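Please look over the sequence and the model below before reading on. The briefing that follows takes up helix packing, a sheet and the arrangement of domains.

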Amino acid sequence: MSKKINLTLKIWRQKNAQSKGHFEIYKAEAIDTDMSFLEMLDVVNENLTKEGKDPIAFDHDCREGICGMCGAVVNGQPHGPVRGTTLCQLHMRHFENNQTIVIEPWRSRGFPVIKDLAVDRSAFDRIIASGGYISVKTGSAPEASTLAVAKDKSESAFDAAACIGCGACVAACPNASAMLFVAAKVSHLALLPQGQIEKKDRVKNMVQQMDTEGFGNCSNEYECEAACPKEISVSTIARMNREHLSAKIK
Amino acid sequence: MIDSKIPSGLLKDKWTRHKSSIKLINPANKRKYSVIIVGTGLAGGSAAASLAELGYNVKVFCLQDSPRRAHSIAAQGGINAAKNYPNDGDSIQRLFYDTIKGGDFRAREANVYRLAEVSNNIIDQCVAQGVPFAREYSGYLENRSFGGAQVSRTFYARGQTGQQLLLGAYSALMKEVHKKTVELHPRCEMLDLVVINGQTRGIIVRNLINGKIESHSADAVILATGGYGNIFYLSTNAKACNVTSIWRAHKKGAFFANPCFTQIHPTCIPSHGDYQSKLTLMSESLRNDGRVWVPKNKGDKRRPSDIPADERDYFLERKYPAFGNLVPRDIASRAAKEQCDGAKGVGSTGLAVYLDFADSINRLGKDTIKARYGNLFDMYQKIMDTDPYREPMMIYPAAHYTMGGLWVDYNLMSNLPGLFVLGEANFSDHGANRLGASALMQGLADGYFIIPYTLGHYLAGANLEKIQSDHTEFKIAEEQTKNRINQLLAIKGKRTVDDFHRQLGKLLWDKCGMARNERGLKEALEQISVIRDEFWRNVTVTGSEGDFNQTLERAGRVADFLEFANLIVRDALDRRESCGGHFREEFQTPEGEAKRDDQNFCHVSAWEFNGVGKTPQLHKEPLIFENVELVQRNYK
């Protein structure tokens with residue numbers, strides 16, 4: 001059953017990429033536990049707006065956990081305390097009355113802050129642009145039924161392809177590594193017969209771009225997997241390393 | 001006069017003949033042409049990739065931080081195609097007929113036939129891109145069934161088909177970004193269209209990070225900016241979905257077609273409270289295995305499991321035995337509303353019906369149901385905090401998709417030369433009701449397989465002057481855009497943008513939602529003006545124009561919804577018949593089904609802008625049916 005709770009929020013405020021940020025404290029009162037985390041922030045923002053104050057900027061869009069637009073570090077955990085859940089699908093029933101909640105943006109050199117909790121994740125787009133695709137032109141595809149794909153392979157490819165590109169893996173990693181993100185795309189395509197032809201260049205180019213963007217390396221902390229709202233496995237990183245090694249050898 | 005430019009000849013030959021007779025631009029000359037695409041969902045993303053592959057210079061704009069986030073990503077259930085892999089009698093003709101009939105005979109035959117024709121190419125293209133569609137143990141593609149069809153023609157990728165298809169289109173787009181054939185502008189919102197000497201030559205955008213107003217010129221503009229379902233405030237759309245780009249184009253002369261054709265989806269998670277910010281869809285595919293019911297007795301407050309079978313009313317199966325739980329969306333939604341209006345609704349608000357999987361779990365086992373719908377069940381549990389494997393889901397209809405949109409001809413060009421409109425943003429293929437798994441099909445058909453042909457045809461025949469973005473018309477449009485922003489910031493009133501948006505949304509939901517009548521619509525027209533006037537006197541928009549200012553973004557969109565609302569209601573008032581999602585209470589059969597008036601309303605209503613709050617000019621495009629017989633839709 002839903003109930004009402006009172007919360008103290010400690011939220012990172014930063015005017016833009018150039019200025020220094022700081023924490024500010026807000027009270028959120030009579031919050032219905034059936035609310036989503038973002039709906040709770042909506043309520044805080046409505047109140048700030050009515051007081052003529054600048055509301056807290058945060059990215060969000062679908063609010064169904066699939067677009068990957070939302071995300072913040074909640075009490076030290078990207079997307080908050082519930083496993084396999086984006087911030088928009090986190091509900092207030094997971095918090096206690098009178099709890100203090102610390103809310104921060106993703107923190108990584110690869111993701112500069114735009115304002116408050118909103119960050120610039122265009123590095124991910126550049127990584128995909130460097131090779132995260134099969135270069136088939138429109139119109140040149142063969143009849144779909146000419147290609148059989150083993151169900152288990154297809155399912156594993158899907159598990160990796162489920163990545164929503166939110167960046168929680170980077171935010172969770174002590175090295176701010178983007179390995180899970182890159183490995184998910186590499187694995188998705190490397191597992192499918194369609195992805196074989198370009199697989200060597202793909203993994204080399206994507207890893208190179210990842211390094212250029214300033215993301216760190218993997219030191220097997222597994223924090224990324226724990227933070228991933230789509231529960232993408234670190235085994236994809238092992239697969240990427242294998243693919244990368246074999247691409248480098250030849 | 002409006003000319004749909006439908007090619008002559010037999011229905012099945014029209015597209016083939018048209019493709020082989022339209023003008024071409026030679027490969028080396030394509031790079032001399034520039035194209036602007038606004039929106040990066042299935043339609044915009046696939047168009048951008050395909051046009052760049054052909055050699056055009058493409059500029060792409062989206063308001064999200066990445067093109068991968070467009071709301072196509074949230075489509076769950078699947079995509080239709082007439083492959084007939086299950087050997088159950090499907091064909092292009094049947095997909096065409098189901099779509100025309102599903103749309104209650106208010107779409108163009110030629111467009112819909114073409115859609116069915118290219119549907120198969122889409123599946124081929126997506127498989128080649130690496131979209132992980134569901135497969136059988138043999139390794140071959142699997143299909144399932146969807147509403148409004150008696151064959152299994154829906155291809156799917158778990159409950160995330162839209163995501164996987166969009167990532168396919170996005171990756172194709174990023175491949176072109178890498179080759180520098182596409183210039184990408186994320187976090188940019190289109191705020192005006194620029195028309196010079198009768199030709200569409202560019203757009204005005206606001207850079208959402210620093211607030212800068214910029215002009216971009218091109219030889220043609222393609223809008224693929226999605227639907228306007230968020231006018232209802234609560235809808236299954238993403239929060240940023242809006243009418244702004246197509247509304248601004250409408251104000252510059254583009255006709256708006258059938259705005260009152262809005263789709264209310266039957267299976268959404270019901271609203272909780274006043275703070276509710278959006279509604280979440282539960283895929284139509286669930287109706288394959290879920291049975292919809294309410295208690296037979298009014299106000300029965302027992303737990304669903306305590307209500308014996310003979311005290312349950314499986315109302316869809318009872319009313320529509322042939323299609324059962326898989327009737328089209330408009331029919332399922334109205335049937336649920338009818339039960340709730342009759343005090344049979346369940347849940348704390350009485351605005352919900354059950355979607356029950358108990359029989360399927362008994363028959364197939366929990367594991368099978370989990371494999372089919374696991375992510376949807378998880379999402380339901382997260383939001384509702386109850387376990388749908390043990391208790392039936394509660395669902396209620398919600399605004400989901402808009403069949404109406406900018407008017408386009410057979411080439412997907414609006415009445416403004418050089419302005420093309422793709423996907424949900426146009427009106428073209430779904431008539432008065434869209435069938436499930438057809439939106440993905442249309443978005444990708446438009447982007448991958450139609451615009452690459454028809455854009456070249458226009459450019460080759462257009463006499464295009466050299467125009468740069470420093471042309472006076474751009475300067476004027478920039479000034480107007482800045483003025484409007486400053487006006488919004490200067491009001492400094494007492495009510496928030498969301499507060500106005502909620503008020504407008506509730507008004508439209510009540511008066512122009514699942515059921516409409518003349519009195520209610522007239523009241524709505526009056527109230528819309530009142531809300532709009534108050535908005536411009538009393539809204540509060542914090543921050544400045546030169547910032548990352550999400551309140552300002554929303555204010556601009558709500559201001560446009562407040563203007564556009566007039567048009568939806570006027571269109572609903574004008575169409576004195578019921579068809580598909582447009583249900584006028586005055587026009588129904590004795591059984592309470594939609595009663596069309598083919599004598600007087602077998603046309604597309606294309607509206608021309610005449611000023612804010614002024615009566616728009618109606619242009620009628622007659623719908624001519626040569627290949628199907630107009631019948632009362634029957635799903636019994």
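At what angle do α14(B) and helix α15 (residues 518-538) of chain B pack, and how far apart are their axes? The angle is about 175 degrees and the axes lie 10 Å apart, which makes α14(B) roughly antiparallel to α15(B). This is a predicted model, in which local features need pLDDT of at least 70 and side-chain atom pairs count only at pLDDT 80 or more, whereas totals for chains, interfaces and linings use all residues. Residues are numbered from 1 along each chain as its sequence is written, while chains are lettered from A and ligands numbered from 1 in the order in which they are written.

- Helices (H or I, at least four residues) and strands (E, at least two) are DSSP runs, numbered from the N terminus; axes are lines fitted to C-alpha atoms, for helices over the stretch in contact, and angles run from 0 to 180 degrees between N-to-C directions.
- Angles under 35 degrees count as roughly parallel, over 145 as roughly antiparallel, 65 to 115 as roughly perpendicular and the rest as oblique.
- Where α14(B) meets α15(B), the residues in contact (C-beta atoms, placed from the backbone, within 7 Å) include Phe500(B) and Leu504(B) from α14(B), and Ala524(B) and Ile531(B) from α15(B).
- The contact of α14(B) with α15(B) divides into 9 nonpolar, 3 polar and 2 charged residues, where Ala, Val, Leu, Ile, Met, Phe, Trp, Tyr, Cys and Pro count as nonpolar, Asp, Glu, Lys and Arg as charged, and the others, Gly among them, as polar.
- The axes of helix α14 (residues 497-512) and helix α16 (residues 550-574) of chain B come within 10 Å and cross at roughly 20 degrees, which makes α14(B) roughly parallel to α16(B).
- Among the residues of α14(B) that meet α16(B) are Phe500(B) and Leu504(B), and the α16(B) side includes Val558(B) and Phe561(B); by class, this contact has 13 nonpolar, 2 polar and 1 charged residues.

**The open sheet of chain B**

- In chain B, 5 strands form an open sheet with parallel pairing, in the order β5-β2-β1-β9-β17, and two strands pair if DSSP finds at least two bridges between them.
- The edge strands, each pairing on one side only, are β5 (182-185) and β17 (419-421) of chain B.
- Neighbouring strands of this sheet are turned by 20 degrees against each other on average, direction ignored.
- Helix α3 (residues 42-54) of chain B packs on the sheet, where α3 touches β1, β2, β5 and β9 of chain B, and its direction makes about 165 degrees with that of β1(B).
- Strand β9 (residues 220-223) of chain B is joined to β17(B) by 3 bridges, and the two run parallel; Ile222(B) has Phe420(B) as its bridge partner in β17(B).
- Helix α12 (residues 439-461) of chain B lies across β1, β9 and β17 of chain B, and runs at about 150 degrees to β9(B).

**Domains**

- Chain B is divided into domain 1 (265-399) and domain 2 (472-599), with bounds that come from an automatic or database domain assignment.
- The C-alpha centres of these two domains of chain B lie 30 Å apart, and their contact takes 6 residues from domain 1 and 5 residues from domain 2.
- Helix α9 (residues 329-341) of chain B gives the most to the domain 1 side of that contact, with 5 residues.
- The assignment for chain A gives domain 1 (4-104) and domain 2 (122-249), and 12 residues of domain 1 of chain A are in contact with 10 residues of domain 2 of chain A.

Note on methods. Two residues are in contact if their C-beta atoms, placed from the backbone, lie within 7 Å.
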